[in-house]
Amino acid sequence: MKHQVIVVGGGLAGLRAAVESAMLGADTAVLSLLYPVRSHSGAAQGGVNAALANMPECKDDSPAKHAYDTVKGSDFLADQDCAEILTSDAPKRIYELEHWGVPFSRTPEGRIAQRPFGGAGYPRTCYAADKTGLYILHTLNEQAVKHGIKVYNEWAALSLASDGALNHGLVALNLQTGEIASFGADAVIIATGGAGRIFKRTSNAMQSTGYTLGMAYRAGVPLKDMEFVQFHPTTIIGTNILMTEGARGEGGYLVNNQGERFMSKYAPKAMELAPRDIVSRSIQIEINEGRGFPDGGGCMHLDLRHLGREKILERLPGIRDLAISFLGIDCIEKPVPIQPGQHFIMGGIDTDKDGATILPGLFAAGECAAVSVHGANRLGGNSLLECVVMGQRAGAAAGNFVKGKSSAIKDAVLNDAVKKTSAEVDALLKSDGKERLVTLRDEMAQTMTDKIGIFREEKPMREALATIRELSARFRNIGVDAKNRKFNLDLLRTIELGGMLDAAETIAAGALARKESRGAHSRLDFKTRDDVNWMKHTLAHFTADGARLEYESVVQTKWQPEERKY
Amino acid sequence: MTDSIKLTIYRRDPDLDTKPKYQTYEIESQPGLTVLMALYHLLENMDKTIAFRASCRSAVCGSCGMHINGQNRLACETQLAPLGNEILIEPLPHLPVLKDLVVDMTSFWNKYEKVRPYLIAMKNPPEKERLQSPEQRKRIDEFIDCILCACCHSTCTLDAWSNDYLGPAALAKAYRFVADSRDEGGVERLKIVASEEGVFRCHTIFNCTEECPKKISPTFAIQEMKKKVLVAKFSGKM
């Protein structure tokens with residue numbers, strides 16, 4: 001199978017990239033582990049930021065103010081030129097989504113409705129009730145159908161076919177048949193989303209493993225800023241299913257066991273709408289100091305009762321249903337017990353502002369990529385935005401990369417890649433290795449949650465890095481029990497674990513090395529931000545002995561670092 | 001408080017088995033345990049060969065539609081406890097089985113694609129958003145919530161008998177655009193839904209409406225489109 005452009009992943013970034021590349025006339029296909037509408041973009045709830053100035057309270061909003069909020073939210077680690085691109089492209093990308101049919105909620109005048117979100121100076125988050133991601137995902141899938149884009153459904157990408165100088169395509173596993181095949185492509189765009197399952201407590205889908213980060217990493221592309229992991233303040237206890245920030249945007253309270261709105265101590269002005277890193281830390285401090293509720297190993301209450309039935313049913317029907325289904329609690333009548341959970345990785349495959357990696361022919365976009373627009377902490381409502389803005393840019397860059405050129409795909413490189421990867425999978429199926437998926441995976445996830453969590457310090461991080469390296473060594477002696485080829489979940493999940501361990505190691509190594517607190521990286525032994533030594537991006541390069549870290553300076557355009565007060 | 005529960009699961013690989021086997025596993029129930037998490041428990045601890053689809057585990061991705069104790073549901077949001085001590089889990093009915101609980105969705109997606117499932121706009125869009133009043137937006141509220149899980153498709157008796165009948169999911173999707181004030185597909189889309197395999201084959205049995213995990217009524221959508229088709233025909237537009 002050959003195409004000019006193959007997009008790996010059918011979520012928001014992947015579909016947006018594919019539509020752009022197809023509109024430019026490139027023969028474009030999507031290869032996805034899930035049917036595209038199953039992607040985890042669909043679980044995004046609260047909305048997508050763009051300075052549309054549609055509400056009476058945000059008449060003076062502008063892309064520049066959105067960029068400033070993004071840079072400040074990032075704790076001055078975002079590349080400021082990229083943040084400006086993100087926010088200046090935002091309005092046209094949102095209008096385009098509306099033109100394609102996204103059913104945004106509306107103002108009385110019929111304009112796209114906007115709500116307040118954390119860390120934003122104005123109500124800037126365009127929303128469609130609390131199911132914004134679902135509606136955008138389905139709309140983009142509809143556009144992919146309209147453009148006749150070929151989709152390889154339920155194929156798992158396994159490796160890239162690169163000769164070191166150029167990427168020629170990839171190798172993938174067809175879950176439905178068990179077949180392993182090569183896909184030639186002059187441009188490959190990785191858009192595989194998040195990596196939450198590396199952690200125990202996560203809002204992410206079962207399939208948000210991030211294993212493809214390992215695929216790019218092993219092909220020589222560095223992973224950037226991996227130590228910056230976002231913990232969302234409000235996930236349901238136990239399952240860690242998301243309760244949108246929109247709940248607080250609509251006026252919801254966070255309350256401790258003393259009945260206090262404790263955010264007054266940590267962010268007196270912004271209160272519950274401080275950025276996520278700050279709210280998650282505040283919740284964790286309250287729990288650690290004994291002001292939490294005992295449920296779920298410690299939690300706070302998200303209290304929406306004062307919003308009233310009508311507003312909850314109109315603006316937040318989705319999270320109401322979730323709390324009823326998974327906790328038996330109706331938020332109209334009772335507060336919802338919540339706790340922070342891993343939600344997003346700010347880091348990812350290192351790309352430039354057009355999604356290009358250092359490997360020609362390889363692009364990345366969306367959560368799996370790091371441009372970087374989020375720096376050390378992403379603002380709520382900026383991830384869907386990143387998907388559509390960077391998806392479009394990467395799709396355009398890939399489409400232009402292949403335009404008017406005769407294909408440079410070398411069959412020999414593809415054949416070698418498929419032979420090597422098939423042999424690895426065969427060996428895994430035949431292995432009599434004693435290690436097993438569940439043991440290694442649980443230990444990885446528990447270690448990451450316990451030791452590379454909201455608060456970090458030297459000793460536990462050192463232990464975590466050692467544990468991850470030991471698990472990687474044990475992974476070489478892993479066997480699978482299910483030997484069949486077709487829809488072999490044991491095999492797929494084992495393959496995924498390999499990539500997850502690679503990514504986990506870069507998170508642990510990056511976090512241990514960074515001796516400061518910035519954004520979501522909060523160290524008890526280095527409590528302040530250190531702009532002199534650490535206002536720089538981490539680049540983790542794969543070596544056989546573990547991650548080799550390099551650093552790269554942050555691009556500054558307009559804004560000098562300042563203290564973040566909210 | 002734990003309770004022992006018997007989960008009986010449909011097992012079949014059509015390449016190897018001419019008939020399905022029903023395999024029973026015994027697990028300890030816990031408060032809050034869902035059918036999906038019970039399946040993961042089996043996969044990880046008791047039988048690594050079981051195949052099923054899942055992803056979001058929060059009732060939004062539509063992967064895990066299954067036939068649970070005789071009803072199509074999403075495994076992820078179905079609590080084990082109210083189902084009793086013996087639970088039967090089968091794949092969505094009337095669809096070819098690929099393996100165990102994984103069905104072949106090809107016919108489902110083909111039908112979806114047939115209704116031109118995207119906003120059709122004839123005129124160039126304005127520079128900013130098209131205006132739509134909150135009341136106009138409210139008309140599609142129910143139908144934009146469809147997650148394409150195929151629970152309705154696989155419970156519809158008509159859909160089961162006919163490869164061609166567009167079925168409740170595709171027709172509800174068509175209605176999502178027919179009822180959208182911004183869509184200009186008008187008569188063109190109505191012609192698709194008015195075809196021999198369209199809305200007039202619905203017998204209003206309401207199976208789809210009863211089994212939709214998102215409480216959407218494809219039956220309502222279908223009847224509304226019948227009215228629109230008739231109006232278009234009587235007024236000479238079709």
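Two strands count as paired if DSSP finds at least two bridges between them. Helices (H or I, at least four residues) and strands (E, at least two) are themselves DSSP runs, numbered from the N terminus. The model here is a predicted one, so local features need pLDDT of at least 70 and side-chain atom pairs count only at pLDDT 80 or more, while totals for chains, interfaces and linings use all residues. As for names, residues are numbered from 1 along each chain as its sequence is written, and chains are lettered from A and ligands numbered from 1 in the order in which they are written.

Strand E1 (residues 2–8) of chain A pairs with E9(A) in the parallel sense, over six bridges, and A:His3 sits opposite A:Ala185 of E9(A). Strand E8 (residues 167–174) of chain A also pairs with E9(A), this time in the antiparallel sense and over five bridges. Here A:Ala172 is found opposite A:Ala181 of E9(A). E8(A) and E9(A) form a hairpin with five residues between the strands, and in that hairpin A:Gly178 takes a positive phi near 90°. Then there is strand E16 (residues 362–364) of chain A, which pairs with E9(A) in the parallel sense over three bridges; A:Val188 stands opposite A:Leu362 of E16(A).

E4(A) is joined by two bridges to strand E5 (residues 125–126) of chain A, and the two run antiparallel. In this pair, A:Arg115 is opposite A:Thr125 of E5(A).

Next up is a helix. Nine of the eleven residues of helix H10 (residues 317–327) of chain A are buried, so H10(A) is largely enclosed by the rest of the structure. Among the buried ones are A:Ile319, A:Arg320, A:Asp321 and A:Phe326. The buried residues of H10(A) pack against strand E11 (229–236), helix H6 (246–249), helix H9 (308–315) and strand E14 (336–345) of chain A.

On to domains, whose bounds come from an automatic or database domain assignment. For chain A, that assignment gives domain 1 (234–340) and domain 2 (413–553). Taken over C-alpha atoms, the centres of these two domains are 31 Å apart. Residues are in contact if their C-beta atoms, placed from the backbone, lie within 7 Å. The contact between the domains takes five residues from domain 1 of chain A and five residues from domain 2 of chain A. On the domain 1 side, the largest share, four residues, comes from helix H8 (residues 276–288) of chain A.

Finally, the two chains touch: the contact takes 39 residues from chain B and 40 residues from chain A. On the side of chain B that touches chain A, helix H1 (35–45), strand E6 (97–99) and helix H3 (134–138) of chain B each supply at least two residues.

Key: Buried ≥ 20, exposed ≤ 12 C-beta atoms within 10 Å, placed from the backbone.
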